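This briefing concerns a two-part reading of the structure displayed below. Please keep the sequence and the coordinates in view while reading the points that follow.

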Amino acid sequence: MAQRHDRRPVFCGVDAASLLRAVAGLGEQGPPRDENIRRRASRDRGVGTWAKSAPWTASYAEERFNSLDSFVFTDGFGAEHTVRWSLLPTAHPVAVSPDDLAKRGPNFLEQEITERVDGGPQRWTLVVTVANPGDPTDDPTKAWPADRRAVEVGTLTVQQIEAERDGPCRDINFDPTVLPSGMRTSDDPFPAARSSAYAKSYDRRTAEENDYPRTATGAKP
Amino acid sequence: MIGAKTGGRRRFTPLQRLLHWLMAVCILAMLFIGVGMVSTVMPKYLTLVSIHKPLGIAILVLALIRLVVSLRYGAPALPAELPAPMKLAAHLSHYAFYALMIGMPLLGWGMLSAAAYPVVLFGGVHLPAILPLSGSLHALLWDAHFYLAFAFFGLILLHVAAALFHALVRRDGVFDAMAPVPARGEIAPAE
């Protein structure tokens with residue numbers, strides 16, 4: 001549930017109808033079947049308008065990524081803090097209009113970041129935003145007030161990009177609850193849901209491993 | 001039932017009975033935790049998984065101890081009048097029990113290893129991987145772990161049915177051999 005921009009409205013489509021509606025920016029249209037969907041759809045409203053007016057860049061290296069989900073980090077004194085993490089670009093963002101983006105190829109972001117990393121390592125600064133007591137740590141759709149303390153905790157350096165097809169990341173399940181010591185899940189229920197669902201999907205995916213199209217050069221047993 | 005030595009005992013040794021009933025509780029809990037775990041996406045999923053892994057390793061350790069104890073002390077002889085097919089079923093079911101008690105934790109451990117998941121026990125202790133990263137191996141072991149768990153549950157139901165049959169219908173002392181406390185009215189055998 002990483003998010004590419006801090007001002008992107010968050011939708012949390014627990015049911016398919018509200019997810020589709022949110023993606024289509026149709027918060028107020030359509031006949032909501034019940035009050036629950038109506039409420040959820042109204043919360044999701046804004047994605048469509050945001051997508052039309054948001055500042056776009058033409059590179060992953062110029063984008064900010066946000067965890068949305070909260071996690072509990074333990075500091076050097078043993079005290080626990082509920083945080084959300086962000087990766088802030090060190091490359092200077094250059095705004096590109098949606099019209100210009102429409103002229104590019106369908107995979108230009110992948111091509112661009114590969115070329116950029118070939119030219120030199122790319123870096124993002126890892127920042128954690130610390131919740132105050134009472135902040136909605138259990139709901140990734142709810143923003144925390146903008147004045148929360150932010151702590152710079154590290155740097156992500158990308159030195160090499162490998163294609164997924166035969167790369168070392170393909171056969172790994174990226175389970176958001178597998179965390180190093182000092183970090184653990186919070187009261188946010190989504191990482192657990194993802195862990196459970198990913199374990200099942202990973203099983204189904206690996207069961208069909210032999211049918212995966214591979215390139216001849218990087219073929220693995 | 002594994003091991004030929006009986007020492008002429010009518011009951012299993014206290015250590016064997018302790019291991020049996022301790023493992024019975026652990027394994028039953030384990031089966032229900034497993035079914036609950038794969039049936040939910042709620043936060044309790046993480047809690048159940050974090051119990052399932054260390055409990056599985058605990059069962060593996062207990063099963064290995066029990067195997068050694070069983071080879072050392074054997075089992076009381078089945079009643080001579082027990083029909084041969086029932087004796088055979090009793091022996092085979094116990095081989096199946098040991099295979100599952102030792103095999104299931106190893107399948108689970110191997111399955112996690114093949115997916116390069118960390119195997120974390122209580123207190124943050126990490127177990128090493130016992131298999132290399134392999135998607136097809138993971139899928140195979142996952143299926144084996146999943147379906148054998150139901151087979152294990154079926155075996156336990158048969159085991160309980162047989163135990164009750166011995167205790168309530170045949171009343172031949174087979175149940176008392178593993179009962180946690182001696183049946184009332186039982187007279188200690190003369191030395």
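In this predicted model, A163(A) is placed in the loop between β5 (150-158) and β6 (183-185) of chain A; helices (H or I, at least four residues) and strands (E, at least two) are DSSP runs, numbered from the N terminus. A163(A) is exposed, with a relative accessible area of 60%, where buried means under 20% relative accessible area, exposed over 50% and partly exposed in between (1.4 Å probe, protein chains only). Between A163(A) and L101(A) there are 62 residues of sequence separation and 23 Å of space, C-alpha to C-alpha.

Residues are numbered from 1 along each chain as its sequence is written, and chains are lettered from A and ligands numbered from 1 in the order in which they are written. Local features need pLDDT of at least 70 and side-chain atom pairs count only at pLDDT 80 or more, while totals for chains, interfaces and linings use all residues; side-chain values use heavy atoms, with hydrogens and water left out.

**Chain A**

- Chain A contains six helices and six strands, in the order α-α-α-β-β-β-α-α-β-β-β-α from the N terminus on.
- Of the 221 residues in chain A, 37% are buried.
- Among contacts (heavy atoms within 4.5 Å) in chain A with a separation of 6 or more, 71% are between residues 24 or more positions apart.
- L68(A) sits in the loop between β1 (65-66) and β2 (71-74) of chain A, and L68(A) counts as buried because its relative accessibility is 13%.
- The phi of L68(A) is near 65°, a positive value in a residue other than glycine.

**Chain B: overall layout**

- Chain B has five helices and two strands, which follow the pattern α-α-α-β-β-α-α along the sequence.
- Taken along the principal axes, the C-alpha atoms of chain B fill a box of roughly 55 × 30 × 30 Å.
- Buried residues account for 40% of the 191 residues in chain B.
- Where contacts in chain B join residues at least 6 apart in sequence, 74% of them join residues at least 24 apart.

- Helix α2 (residues 44-73) of chain B has 30 residues and should span 44 Å at 1.5 Å a residue, which agrees with the 41 Å between its end C-alpha atoms; the expected span is 1.5 Å times one less than the number of residues.
- Just after α2(B), G74(B) has a positive phi of about 65°.
- The 36 residues of α4(B) should span 52 Å at 1.5 Å a residue, and its end C-alpha atoms, 50 Å apart, agree with this.
- The buried residues of α4(B) include W142(B), H145(B), F152(B) and H166(B).
- These buried residues of α4(B) pack against α6 of chain A together with α1, α2, α3 and α5 of chain B.
- A151(B) also lies in helix α4 of chain B, but A151(B) counts as partly exposed because its relative accessibility is 41%.
- Just after α4(B), R171(B) adopts a positive phi of about 45°.

**Loop residue A116(B)**

- A116(B) is found in the loop between α3 and β1 (119-120) of chain B.
- A116(B) has a phi near 60°, a positive value in a residue other than glycine, and is partly exposed, with a relative accessible area of 45%.

**Nonpolar cores**

- A nonpolar core is a set of buried Ala, Val, Leu, Ile, Met, Phe, Trp, Tyr and Cys residues joined through side-chain atoms within 4.5 Å.
- The largest nonpolar core has 40 residues, of which M23(B), I27(B), I59(B), M101(B) and F152(B) touch the most other members.
- The elements giving two or more residues to this core are α6 (190-207) of chain A and α1 (14-37), α2, α3 (84-114) and α4 (135-170) of chain B.
- Leaving aside neighbours within four places in sequence, M101(B) is in contact with residues including M23(B), I27(B), L60(B), R66(B) and F152(B).
- Another core, of eight residues, lies apart from it, and among its members are F65(A), A91(A), W124(A) and V158(A).
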